[in-house]
Every structure is written in C-alpha cells, then in structure tokens.
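Subject: Structure handover and findings

Hello,

My notes on it follow below.

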Amino acid sequence: MKSTALEKAGQGVIVLLLTLLCISVLYPFLYMLAISLNTGADAAKGGVYLWPRQFTWINYEIVLGNQVIRHAYLITVGRTVIGTFGGLAVTLMAAYGLSYKQLPLRNGILTYILITMLFNGGLIPFYIQLFKLGLTNTFWVYVIPGLFSVWNMFVMQKFIQGIPEALIECAELDGAGPFRILLQIIVPLSKPMLAALGLFTAVGHWNDWFSGAFYVNDQNLIPVQTFLQQLLTAQDLSAVLSSNQNQEALARSSMNNITLMSVKMATVMISALPILAVYPFLQKYFVKGVMIGSVKG
C-alpha cells in the first residue's frame, strides 16, 4: 500500500523522536567515557564532550589498583550471581506450588503474600530483624533478604497457569513427580520469562548500594556501587589513593594530572559496563519475556 504524505510525515516525526531519545541515552555514557580516558588536569579545563583530548589509561589504572574496589567487584559479582539464581529458584518453586488450585489454604497464602508486598514494617524493624538473624556485616545480607520476590512470584504464577494443564496431567500419568515436572516441563517452557526476570533481578543486585551503606561496616564487604557512592560524595582522592597498590601508575603520573572527577568517571564506567555487556546475550529472551500476558492467542 502506498503511504500518504501525512503518514510519511508521521513516520518521520517518530524516527526523529526516537533518534533524539537514543542520543539522550547514549551521550552521558560517551561523555563519561571521554572524561575517564582524558587526563584529569586537561579535562578540568572543559571542552571534552565526545572523545578524549589527551588520552590516558591512568584513571583506570588508579581505580583498578585500589584494593577496596577489587574486593568490591568480587562482592558485587558474587552477590549478583548467587542472588539471581537463588532468587529465581526460590521464587519459582513458590510460584509453582501456588499455581495448583487444589493446594490447601491457597487463597489465604496468596492474600498473606500480597499484604507483604503492599505493607512493610519500615527500615528500623528490618534492620533489627537482620541484626537478630546475624546477617548484618556479612556477605549473606545481600543475598538472603532478596531470595523471594512477591512481584516476580505473581508473574511466574500467571505464566505457569498459562501452560496447558493437559501437558502436566500427561506427565503425572507417566509417573513424573512435582520436581520432575518442574525441572523438565515448567523450566524449559519458562526460559523467556526466567531470562527477563533474571535480568531485572541481576540489575537490581548490581546497582544496589543501599545494603552496603547501611548493613555493612567492613570495607572489604561493600559492593562496588557502595564504593562508588562513597567516592561520589568524597571531597578528595584519599578514598582511591588509600590502599592503592598500583604505585607504578602513581609514579608515572604527576598528581596534578589526576582529578577527583576523572577518577569518578572511570569508576562509573567500570561499574556500568559489565552489566551492560550481559544484555545482548539475553536480548532474545528479554523481548519475549516482557511480552508475557500482552497477547492472548
């Protein structure tokens, strides 16, 4: 069909708006990347927007030479991997059990879970609970409180209920138990949904700075985002230069070429790039997962 002039104009406006949106999203990353790859003293003069004017790796060498941030990366990667897979496993088992309509007290359990999603005791009671359980100032304070997500459970439950009951009944007639049905039928059919929710969960763990700032006192247990938050509020370079083992990098560069802003930008890029690199591998599942429930056939 031939497009009218009005339709072509509308498509042009849409393309223009989407282009501006992409630029508004990409430009901050390009700006931070340019500042992080530029000498700090030169970047402080201004005029660095899209590419470095005086290229250098010194900012990354200083950041990666810090012992605290290396521990922070190990903590962040560990909590993201364990928290994501553990959270999906626990939440999926709960959703699978509650998807059975014959489950005793099913409606009461669902109502109780829904109430916990709408109301909570607040920060202080939650901190006291973590303290009484011995989770404060430990690695597991990042993992155990987030193993169950009410929102993800309801999404998983609706998805599981959309699987034909005849398929599960056939498996039961063949002698399959609940766990075998879960592992060999539910999980393979739920890959798009699990990938989408897994991505959201992983991003939540990776970007969380609050837990490390309020529930942990040991600097060797803080995640990278908490270190970044401390760095962004710092007034000097002592947070980075202390415990810095890369003395060669410091010796090769005069302190006048290193500024707090350039080091901050390098830290931001280092903390953001890993999680961004994961998205392309999950994109095909992510697109399917976010469409769950939007189209009924």
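Is Asn-137 buried, exposed or partly exposed? Asn-137 is partly exposed, because its relative accessible area is 33%; buried means under 20%, exposed over 50%, and partly exposed in between, with a 1.4 Å probe and protein chains only.

Before the rest, the ground rules. This is a predicted model, in which local features need pLDDT of at least 70 and side-chain atom pairs count only at pLDDT 80 or more, while totals for chains, interfaces and linings use all residues. Residues are numbered from 1 along each chain as its sequence is written, and side-chain values use heavy atoms, with hydrogens and water left out.

Confidence

The protein chain has a mean pLDDT of 82, and 86% of its residues reach 70 or more; pLDDT is the predictor's confidence in each residue, from 0 to 100. Residues 293–297 have pLDDT below 50, and beyond near neighbours in sequence this stretch makes zero contacts in the model (contact: heavy atoms within 4.5 Å). Where pLDDT is low, the predicted coordinates should not be read in detail.

Backbone

Asn-137 sits in the loop between helix 6 (123–132) and helix 7. Helices here are DSSP runs of H or I with at least four residues, numbered from the N terminus. The phi of Asn-137 is positive, near 60°, in a residue other than glycine. Leu-105 also is not a glycine and has a positive phi of about 60°. It belongs to the loop between helix 4 and helix 5, and it counts as exposed because its relative accessibility is 71%. Most residues other than glycine have a negative phi.

Helix 7

Helix 7 covers residues 150–161, twelve in number, and spans 16 Å from its first C-alpha to its last, close to the 16 Å expected at 1.5 Å a residue. The expected span is 1.5 Å times one less than the number of residues. Its buried residues are Val-150, Asn-152, Met-153, Met-156, Gln-157, Phe-159 and Ile-160. The cover over them includes helix 4 (67–98), helix 5 (106–118), helix 9 (178–189) and helix 10 (191–207).

Ser-190 lies in the loop between helix 9 and helix 10. It counts as buried because its relative accessibility is 0%. Its side chain reaches the backbone oxygen of Ile-186 at 2.6 Å.

Aromatic rings

Searching the whole structure gives twelve aromatic pairs. The rings of Phe, Tyr and Trp (its six-membered ring) pair if their centres lie within 6.5 Å; planes under 30 degrees apart count as stacked, over 60 as edge-to-face and the rest as tilted. Phe-139 and Trp-140 are edge-to-face, because their ring centres are 5.3 Å apart and their planes stand at 75°. Phe-139 and Tyr-142 also form an edge-to-face pair, because their centres are 6.3 Å apart and their planes are at 80°. Phe-139 and Tyr-142 are both buried, whereas Trp-140 is partly exposed at a relative accessible area of 43%. One aromatic cluster consists of Phe-126, Tyr-127, Trp-209, Phe-210, Phe-214 and Tyr-215.

Cysteines

The count of disulfides is zero, taking a disulfide as a pair of cysteine sulfur atoms within 2.5 Å. Cys-22 is partly exposed at 45% relative accessibility. Cys-170 is partly exposed, at 45% relative accessibility.

Regards

Conventions:
Helices (H or I, at least four residues) and strands (E, at least two) are DSSP runs, numbered from the N terminus. A polar contact is a pair of N or O atoms within 3.5 Å; within protein, one must be able to donate a hydrogen and the other to accept it, and residues adjacent in sequence count only if both atoms are side-chain atoms.
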